[in-house]
Structures are given as C-alpha cells and as structure tokens.
Amino acid sequence: MNELIIELTEVSPREFFGLQNANIDLLKKFFPKLKIVARGSKIKAYGDEEVLEEFDKRMNMLLEHFGKYNKIDENVIERVLQSESRDDYETPVSAGEVLVHGVSGKLIKAQTANQRKLVELMGKNDMVFAVGPAGTGKTYTGVALAVKALKEKQVKRIILTRPAVEAGENLGFLPGDLKEKLDPYMQPLYDALRDMIPHEKLESHIEKGVIQIAPMAFMRGRTLDNAFVILDEAQNTTHAQMKMFLTRMGKSAKFMITGDPGQIDLPRRVISGLKEALLVLKDVKGVGVIHLDDKDVIRHRLVKKVIAAYKSIENVD
C-alpha cells in the first residue's frame, strides 16, 4: 500500500480540517478507496498510487484556494473536488472591488471614493503619497494593496516602516530589546496584516523576511527591489529621512507614503519631510498624490466629529 504525506506548513490545520474534522470527513467520502488520517499538521493518505495522485492534485487545489481566500467550507470542497479547472470553482471578482480575501474570508475593499482613487493611483504610479487625517484608511488600504501585490506575485516582499518619533513618549523607557520596543510602535501595521493574512502564514512570512516591519534607520544603505514598500506616519520624517527613504527605490518596486500633516510630532522648527516632499515632487511624472478628508473616515462616527472640532481651533498649513 502506497503512502502520501501532506504537511500544512502555512495553513492553520484547525481551520483547514474544519469543526470536528468535518472537511476531512468530506474528503473521505469523495475518496472512499483511500484511508485518510489527519493528525497535527499532517494529512496522511494510504491507497493505490493512481488514486493518491488524484488526491494530491485536489489537495493542492484546495490548499491554493485556502491560501488565496483564507476560507474553506463544504461547498468549496465539493466544487474543487468536482471541477475540471480553476475557472469552474473560483468566483471571479472585479479587481477594483475586492483587494484581498482576509482572515476567515473577510472581504477587504476600498470603501470610499478617495480610497478607490488611491487604489487606481497605485495601479498607475510606482510612487504614491496618501495624505489625510486619522481614520481615513490610508495605512489599511496601503497594506491591503501590498498583500494583494504579494499574493499575485507582482512583488517578492513587503516592507513596512515608520519614523520612530514618539508622540510625547520615549521608547527608551519601554522594557526589552529593540524589536520588543518597536513592536508596540509598529502595532497599527501588525493589526492590518493580521486582518489579511492568517497567523501561521504571517509568522512564516516575517520569519523568512518576506514581510519586514522596521524603523526608518534600517532602510539606510539598502536598495529595495521587487518590493511593495510603505512609509507610514511620514509627517514625522525630517528632510534627510524622507530623501534617504525615497532614494531607496529599486527595480520593480512600489512605494506608498502615508501621513497626516495635522499630526506632526517633530520638534518645533523642524520641517516635516512629508510636507516638503509634496511640494518638491508635485510635478514629477510617475508620482501620484491623493488627499483624503473627513468624508473618508471609516472609524467610529465620533471620529469625524472629533476631527471637525479640532479643525475649528487649529490652523493647519
């Protein structure tokens, strides 16, 4: 009797097997001539070589589907096992509609007109500045576009960075090594990624360097090829930091710079690298700029009111 072992390396076995191994039970019904055992992160199948080959092929189709959509159920399994080709079981969606199928199949889309404009701009330009107040989905949409580019193999890695300027707090007082100190500061980027990539796969990508989350100092001296790079909170960069970052751009790279000129945490008299770059690069072909506003806020409805209230007492350039 022949044996086939399939290891689930970047997929959650619990989610793939289903509640009380319901998905495995369904596989057994479709392949009654095989003995199928699911344990830990492995699926073992025993039987004739010809049937095992078909089982292996269908399992690869299922794993590919799960990797793309982060969700699988009995209907999907039945469609995949009975289909001749991918076109028979994949539901086509307009690229402008769904950016990423997130964790548990969550559909991640551009939700406002300006977010959709941001998606379009990123498709037409290799460098895009997304500027606007808190809660307008700049970072979230950017991370979704980066994950989409990685899944579609347009890039080989994602690099996310922020200038380590603390809003009235000092990183030096946080316990732990550099990574532990920076992790809380990078939390919004981790949060977006966790919505879009299952835990096991995300950990694997970070471990292998496919996804890198680092402070700006780590960008110095590098050439970033075949990467989707996001500079978040760019209003807190200095002239030197912004110039250094923008000149890291390598071949087949996409750069997205997000920031809110109304939330600058730099010392007084230090010019924001974001504000300066918007002026310097405004006529450069290949650089896109999108201004989001309080109409794009997708957080709690009170956030819009908070932004409006502060706008009335602030004189933001």
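Is T136 buried or exposed? I found T136 at 0% relative accessibility, so T136 counts as buried (under 20% relative accessible area, with exposed meaning over 50% and partly exposed in between, for a 1.4 Å probe and protein chains only).

I noted that this is a predicted model, in which local features need pLDDT of at least 70 and side-chain atom pairs count only at pLDDT 80 or more, while totals for chains, interfaces and linings use all residues. Residues are numbered from 1 along each chain as its sequence is written, and side-chain values use heavy atoms, with hydrogens and water left out.

I placed T136 in the loop between β6 (127–131) and α7 (138–151), where helices (H or I, at least four residues) and strands (E, at least two) are DSSP runs numbered from the N terminus. The T136 side chain comes to 2.8 Å from the backbone oxygen of P133. Leaving aside residues up to four places away in sequence, I listed Q115, L292, D293, D296 and V297 as touching T136 (heavy atoms within 4.5 Å).

I then turned to an open sheet of three strands, ordered β1-β3-β2 with antiparallel pairing (two strands pair if DSSP finds at least two bridges between them). Its edge strands, each pairing on one side only, are β1 (2–7) and β2 (35–39). Six bridges join β1 to β3 (residues 42–47), and I recorded K42 in β3 as the bridge partner of E7.

How values were computed: Polar contact = N/O pair within 3.5 Å; in protein donor to acceptor, adjacent residues only side chain to side chain.
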